[in-house]
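Me: I'd like to learn how to read side-chain features off a model. Could you take me through a few of them?

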Amino acid sequence: MDFNLSEEHQAVRNAARDFAQNQLLPQVIERDNLQKFDTGLVQAMGELGFMGMMVAPEYGGGGMDTLAYAIAIEEISKIDASAGVIMSVNNSLVCWGLEKYGSEDLKQKYLTRLATGEIIGAFCLSEPEAGSDATSQHTTAVDMGDHYLLNGTKNWITSGNTSSVCLVIAQTHPEKGHKGINVFAVEKGLEGFTIGRKEDKMGIRASDTHTLMFSDVKVPVENRIGEDGSGFKFAMSTLNGGRIGIAAQALGIAAGAFELSLKYSKERKTFGKPISEHQAIQFKLSEMATKIEAARLLVYKAARLKDEDKDYIQAAAMAKLYASDVAMWVTTEAVQVHGGYGYVKEYHVERLMRDAKITQIYEGTSEIQKLVIARELLK
């Protein structure tokens, strides 16, 4: 085992950290307060190659591995978890799924633009009654010959309003259950495609999360991704990789809160000395650092397994389960280290605490991760 990063991976870390510190940090509190999706910053991430890191260069991507991608998400999420999830969805769920399962025509039509950040994508699986139970798709896609007629509602869609193309999971053959599900690339602007209300969220408020509604939307048959009935397989395999991205986001949130706490502990004085010299604070910092390092090793292991084309399902689930729990615990402790200052926006840690919670929920709740892990253990 080699725990040292390559020069390439270190360069990715430096580039992501530089971007986060210099471009994301200055207005991050304002974006959170206003729930502002900053198109310019997302375009800048695209120009730097962060929106299609794992996509092959022939389609405009960086051709990098999963570890490089996880490292970049970690650094960006230390400062702005909203930017982290926008990047994660576009890379892990949209670009990866299109490149692996999409036709050459779809890759040329959408992937080349998604990988460069010219446009961004959305992944539409969750519904009012289909979240953890992804087999219960009520959105339907009726085969009309040269097109599918799409009807239904999708909830909790990251980048729902700002995306240009959505990968929509829908039921075509109800009698076949999950084997009758398909996935479609659906462009914004099609007749009957309506953007619903924006969610007023507790955390990651600078990413836009919307309900999307489809009423007799005509989707060209060539926009179906993969073979007929392969939509559920597409969704599950895509989410397996997506868990690594969200685990890296959670890791970044935790690491960001720790770095702020470490810095603050050296500046804040009580009883005539920095609080970092008080054993109570030292113990908190020690446990924070240890949990973060353990989470980082789990995330990097899952990424390595994926890059080596080995079975990474269990490793990805473990990484997401543990990293999200660590993010929640570390950010709560970071608020405690900061005392009263931790409870106000100026010191950032209260935002990171709010951001951390969603990592235990989206792209598979912690309970679902435990089921996945147990299933893999009992094979």
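Predicted model: local features only at pLDDT ≥ 70, side-chain atom pairs only at ≥ 80, totals over all residues.

Me: Let's start with cysteines. How many disulfides are there?

Reply: A disulfide here is a pair of cysteine sulfur atoms within 2.5 Å. By that rule, the count is zero. Take cysteine 124: the nearest cysteine sulfur belongs to cysteine 166 and sits 4.2 Å away, and cysteine 124 is in no disulfide. Cysteine 166 is in no disulfide either, its nearest cysteine sulfur being that of cysteine 124.

Me: Is cysteine 124 buried or exposed?

Reply: Burial goes by relative accessible area: under 20% is buried, over 50% is exposed, and in between is partly exposed (1.4 Å probe, protein chains only). Cysteine 124 has a relative accessible area of 0%, so it counts as buried. Cysteine 166 is buried too, at 1%.

Me: Now salt bridges. How many are there?

Reply: You look for a side-chain nitrogen of Lys or Arg within 4 Å of a carboxyl oxygen of Asp or Glu. That gives 24 salt bridges. One of them pairs lysine 284 with glutamate 333, at 2.7 Å from N to O. This pair links distant parts of the chain, with lysine 284 in helix α8 and glutamate 333 in helix α9, 49 residues apart. Helices are DSSP runs (H or I, at least four residues), numbered from the N terminus. Lysine 284 is partly exposed at 21%, whereas glutamate 333 is buried at 16%.

Me: Which residue does glutamate 287 form a salt bridge with?

Reply: Its partner is lysine 291, with the closest N and O atoms 3.9 Å apart. Both residues lie in helix α8, four residues apart, or about one turn of the helix. Glutamate 287 is partly exposed at 40%, and lysine 291 is partly exposed at 24%.

Me: What about lysine 379, which partner does it have?

Reply: Lysine 379 bridges to glutamate 376, the closest N and O atoms being 3.3 Å apart. Lysine 379 is exposed, at 70%, but glutamate 376 is buried, at 11%. Elsewhere, bridges that share partners join Arg13, Arg17, Glu74, Glu75, Lys78, Glu259, Glu293 and Arg296 into one network.

Me: And contacts: what does histidine 338 touch?

Reply: A contact means heavy atoms within 4.5 Å. Leaving aside residues up to four places away in sequence, histidine 338 touches Leu260, Ser261, Tyr264, Tyr347 and Val349. Histidine 338 is in helix α9 (residues 313-338), and it's buried, with a relative accessible area of 3%.

Me: Last one, the surface. Which residues make the nonpolar patch of about 440 Å²?

Reply: Patches are built from residues with over 30% relative accessible area and no salt bridge; like charges are joined within 9 Å, nonpolar side chains (Val, Leu, Ile, Met, Phe, Trp, Tyr) within 5 Å. The areas come from the Shrake-Rupley method with a 1.4 Å probe, and for residues only the protein chains shown count as cover. Here Met1, Phe3 and Leu297 make the patch. Leucine 297 lies in helix α8 (residues 279-307) and is partly exposed, at 39% relative accessibility.

Notes
Residues numbered from 1 in each chain as written. Heavy atoms only, no water. Helix = DSSP H or I, 4+ residues; strand = E, 2+ residues; numbered from the N terminus.
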